Amino acid sequence: MTPGEFRHWAHKVVDWIADYLERVEGYPVAASVEPGQIRRQLPSKPPELGEPFDAILRDVDAILMPGVTHWQSPNFFAYFPCNNSGPSILGEMISAGLGVQGMLWATSPACTELETHVLDWIVDLLGLPADFKSDSQGGGVIQDSASSATLCAILAARERATAGQSNQVGVRAPLVAYATDQTHSSVEKGVRIAGLGSANLRLVETDGQYRMIADRLGEAIAADLAAGRKPCFVCATVGTTSTTAIDPLAQIGPICRDFGVWLHVDAALAGTAALCPEFRFIHDGLDWADSYCFNPHKWMFTNFDCDCFFVRDRTALIRALSILPEYLKNKATESGEVIDYRDWQIPLGRRFRALKLWFVIRSFGAAGLRKKVREHVALAQELARWIDADPRFERMAPVPLNLVCFRHRDGDAATQRILDKVNGSGKIYLSHTRLDGRLTLRMCVGQTNTQRRHVEAAWRLIGQAADELAANRTAES
Ligand SMILES: *Cc1c(COP(=O)(O)O)cnc(C)c1O
């Protein structure tokens, strides 16, 4: 493809994306294809000769689109959002166009310096502890996901707890990590990968609102110490995946500090809310944290992948992850004046991800970002009031931000039928969780373009599904 041909097709692709975004609201939200349905339509062998680009684009429409779930639909309420926005897509395009590999400062200085700068901006935007800024002992880095950020935090904690021993000879004495049964599965995965072992992950008891009970944490740590084990890592969550419960950082933090245990705070979805001063209560006690992460790729209108990971003191992180082979040695690294982000993450290579975040922040402005977040939270709170006022439904958890958990009062079977019905309609997409064993619907208001009319229509649809359930039961009896 010559640059001239590229220009031609790039314009077509941009039109394709703009058309898609204009029409996405009308598509069935969740794809409804059978396993294997997409692959069956693809040739078994790759083409020997290059194909015209219009043929490739045609197959995107004909073969792939039926198998796409429309995460960018304003009727997407499932899981947590995974948003994009115009400026973010444009940032991705330039990142792809430049094709930079920013493993070292020296391999593309702008990639590293923009990232450092934007992450310092984020500290101010979210009112995070000043210790997370690059002019302190700590700093921030963009990771692909919260899972990677958490794994890096565990490796840094492991490094600190063993003064480098685990890096050299592997994990010997049992190191112990602490979370709750509401903590995201990425923590257990990280504990496995880091060699601590799932058996050394303690699930601390939660209270009636699914928050870690700090006293139970202190007791668990003390018991492990008494048994000769080494407490190493605590993950507290701000906005759990099931219910957006907020662990009490201000109580957990002093316990971690007393015992010298690394405190990581996972705010993958909820962190974005701290753009608004009135929601910064979610971070009360964050000053105690050794590390913190949140995902602009969830609720801050920035394409996947983009997780912001901060540490209070970068020493342990870099000691855990830095190895310098001859072929990467360079003057800038040796001078100690630059950041080499390869030492802050698992892979060596890295994309120019700061571009899309920079585009988003500049294009929305802090006020524009806050406005969206406030709208989403207000809509979710309104939905919660509608649910509370409806005798057919019961709400299952507090709604501190933008996720509403509820169920039909008739129980799991009725709740399941409502979920199947509304998702099967293609008009909206909800997901579920289980709370105290009970099937619960999750409706998260956070897609970039979700407005009041979308939430109203969704609630009407849920109500109709409940009506039909009741009508069927009357007919059966
Ligand atoms: C979504 C989520 C994660 C996982 O995020 P990835 O970026 O996909 O790894 C981790 N923790 C919490 C609380 C989440 O909600």
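The legends below go with close-up views of a predicted model. Residues are numbered from 1 along each chain as its sequence is written. Local features need pLDDT of at least 70, side-chain atom pairs count only at pLDDT 80 or more, and totals for chains, interfaces and linings use all residues, while side-chain values use heavy atoms, with hydrogens and water left out.

**View 1. The domains of the protein.** The domain assignment gives domain 1 (3-67), domain 2 (100-352) and domain 3 (366-476); such bounds come from an automatic or database domain assignment. Taken over C-alpha atoms, the centres of domain 1 and domain 2 are separated by 37 Å.

**View 2. The seven-stranded sheet.** Here 7 strands form an open sheet in the order β1-β7-β6-β5-β4-β2-β3, with mixed pairing. Because β1 (139-143) and β3 stand at the edges with a single partner strand each, one side of each is left without a neighbour in the sheet. From one strand to the next, the twist averages 20°. Strands (E, at least two residues) and helices (H or I, at least four residues) are DSSP runs, numbered from the N terminus, and two strands pair if DSSP finds at least two bridges between them. Follow β4 (residues 230-237) and β5 (residues 262-266), and you will find them paired in the parallel sense over 5 bridges. Within this pair, Thr-237 stands opposite Asp-266 of β5.

**View 3. The largest cavity.** Thr-237 and Asp-266 turn up again here, in the lining of the largest cavity, along with Phe-80, His-184, Gly-239, Thr-241, Ala-267, Ala-268, Leu-269 and Lys-298. A search of the whole structure finds 1 cavity of 30 Å³ or more, and about 50 Å³ of space lies in the largest cavity. On a 1 Å grid over the protein atoms alone, a cavity is a set of points where a 1.4 Å probe fits but cannot get out, and lining residues have an atom within 4 Å of a point. Points are joined across faces, edges and corners, and a volume is the space filled by probe spheres set on them. The lining of this cavity has 4 nonpolar, 4 polar and 2 charged residues. In these classes, Ala, Val, Leu, Ile, Met, Phe, Trp, Tyr, Cys and Pro count as nonpolar, Asp, Glu, Lys and Arg as charged, and the others, Gly among them, as polar.

**View 4. The largest pocket.** A pocket is an open set of points with protein on both sides within 12 Å along at least five of seven lines. The largest pocket has a volume of about 400 Å³. Of the 16 residues that line the largest pocket, Tyr-20, Gln-72, Asn-84, Ile-89 and Asn-303 lie nearest its centre. Both α1 (3-23) and α3 (86-98) supply at least two residues of the lining, and α1 gives the most, with 4 residues. By class, the lining holds 11 nonpolar, 4 polar and 1 charged.

View 5. Another open sheet has 4 strands in the order β8-β9-β11-β10, with antiparallel pairing. Its edges are β8 (393-395) and β10 (431-435), each with a single partner strand, so one side of each is left without a neighbour in the sheet. The twist averages 40° from one strand to the next. Between β8 and β9 (residues 403-408) there are 3 bridges in the antiparallel sense, and Phe-393 has His-408 in β9 as its bridge partner. Helix α14 (residues 412-424) lies across β8, β9, β10 and β11 (438-444), running at about 30° to β11. Helix α15 (residues 452-476) packs on the sheet as well, touching β8, β9 and β11, and its direction makes about 15° with that of β9. Contact means heavy atoms within 4.5 Å; axes are lines fitted to C-alpha atoms, for helices over the stretch in contact, and angles run from 0 to 180 degrees between N-to-C directions.
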